[in-house]
Amino acid sequence: MYNKKYITGIVLLFTMVITGCNKWKDHTAVTQQDLTQNLLQAVSSNPDLSKFREYVGLAGLDSVLQASKTFTVWAPNNAALQTIDPATVADKAKLKAFILNHISNQLYFIKDVVTPARILMLSGKYNNFSSAKFDEAALLSTDKYVSNGVLHTINAMVPPLQNIWDYINATTAQYAQNAYVKSLNYNGFDPALAIIDSISVITGLPVYRPGTGIVQRNYFIDRVYDLKREDKQYTYFVMQDANFVLEADSLKPYFGTTSTTATDSLTRWNVVKDLAYDVPYQTPFQVPQPLISRSGISVPVSSAFVVDIKKMSNGYVYIMSKVDVPTKNKFLPITLEGEFPTGFLQNDKTAFINYRLRLNPVTGLNFSDILISGHGVTTFYSFYRTTETPTIKYQVYAKASNDFQAAAFNQTINAWNTSLGALTGTLTHAVPLYTATGAYNEVYVGDITNTRFGTIDWRVTAVTTGPILLDYIRLVPVP
């Protein structure tokens, strides 16, 4: 009896496995297959692709579709090609780029597209491919498998487009914003492109031939997004000139320098750095309200001010009559953690510097701080550096709890402006005993106004040779 039940169970399990395998095989099977044809023959045998076949020949690409390599072709039907620009057909280079924007290396079957894929085309551009669409073209027939690849038929042509960076460079005369972005070009050094003349016997490092490895770079690409990239997609907002100038000029009080040119550049930078996003928003209705830029700035974008939307090979460009970012949105609070100092008055006091992990008994959570005690140096300080600090008033909050000595003590918080070579404000911070009510609370210390844009060293300074203790300082800008 046992053996009969056991054998019956094995047979049932085997049957289920075979059935499941067959269902999976049905799911993944290629239903259109003709390995007697290559891609050129498959295109040629379809009357609805006769125009595409003609243009393949005019572009001199017959050999590509007959090659032994593996390709995927998304071929526009005759109706789709009725509106092709005659200038494209007449120019062999343009026509070749057009055709190559419909061909990729490797095999891409509909059955394999679980999520939309971004496919590198032979044109050097990328196109989106999903189970229903190729870019914005609908799929009419799919997965025709031939000897050297896969053929899909689509109902619209997909011409190669400019990428966003090309558009910026092509419209510098039209938009002051784009002229400014282009002005951020500079020459950089790329060792991968440089010629090595020798190896230094002193450092062991390469000695590069002068003048080699020099490449053009751009600060916007370095610090915001690389809008040249074709494998990613972005959204870039362009302000019309009147609004761009107005927005930039409104920031002049906060970026004061000794140079008008430098001030103008800073104000423009603090506008454009918040106008690119690494998400392609195809329509204004997809744009979140507000957008949060890479630098953390909240940017409201109203569909009422959208003048035009331009589709690019790597995303979308929105032409805006107005992007009105409230001034208060432009400046974010800064938190300086005590345990991460930039430096000290002198660096030979490490034996007296302690980085601690403590328990906050009020919240039950751990926190880290810095304790400097016994250093013996009058007005010893640790400092915390902020760069590109705007000309603005900061409300200064501090947090520290004295749990290491019986007596309460004071310390000062001041701001040393490296451009001015002077203090721009000094505040007294009374550090409470940890047993006092509210000892673990953040304390408002006072206000400090930075009077010159640039680098500020926020110094936490001992009174005479007293201790220094800090959980954090929080700086809240007040525009």
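Analyst: In helix 3, Phe52, Tyr55, Val56 and Leu58 meet Lys92, Leu95 and Ile99 of helix 6, where contact means heavy atoms within 4.5 Å. By class, this contact of helix 3 with helix 6 has 6 nonpolar, no polar and 1 charged residues; Ala, Val, Leu, Ile, Met, Phe, Trp, Tyr, Cys and Pro count as nonpolar, Asp, Glu, Lys and Arg as charged, and the others, Gly among them, as polar. The model is a predicted one, in which local features need pLDDT of at least 70 and side-chain atom pairs count only at pLDDT 80 or more, while totals for chains, interfaces and linings use all residues. Residues are numbered from 1 along each chain as its sequence is written, and side-chain values use heavy atoms, with hydrogens and water left out.

Two packed helices are described by the angle between their axes and the distance between the axes. The axes of helix 3 (residues 50–58) and helix 6 (residues 92–100) come within 9 Å and cross at roughly 130°. Here helices are DSSP runs (H or I, at least four residues), numbered from the N terminus; axes are lines fitted to C-alpha atoms over the stretch in contact, and angles run from 0 to 180 degrees between N-to-C directions. The crossing of helix 3 and helix 6 is left-handed, that is, the near helix is turned anticlockwise from the far one by less than a right angle.

Elsewhere, a search of the whole structure finds 19 aromatic pairs. The rings of Tyr397 and Tyr444 have centres 5.3 Å apart and planes at 50°, so this pair is tilted (rings of Phe, Tyr and Trp, its six-membered ring, pair if their centres lie within 6.5 Å; planes under 30 degrees apart count as stacked, over 60 as edge-to-face and the rest as tilted).

How values were computed:
Helices (H or I, at least four residues) and strands (E, at least two) are DSSP runs, numbered from the N terminus.
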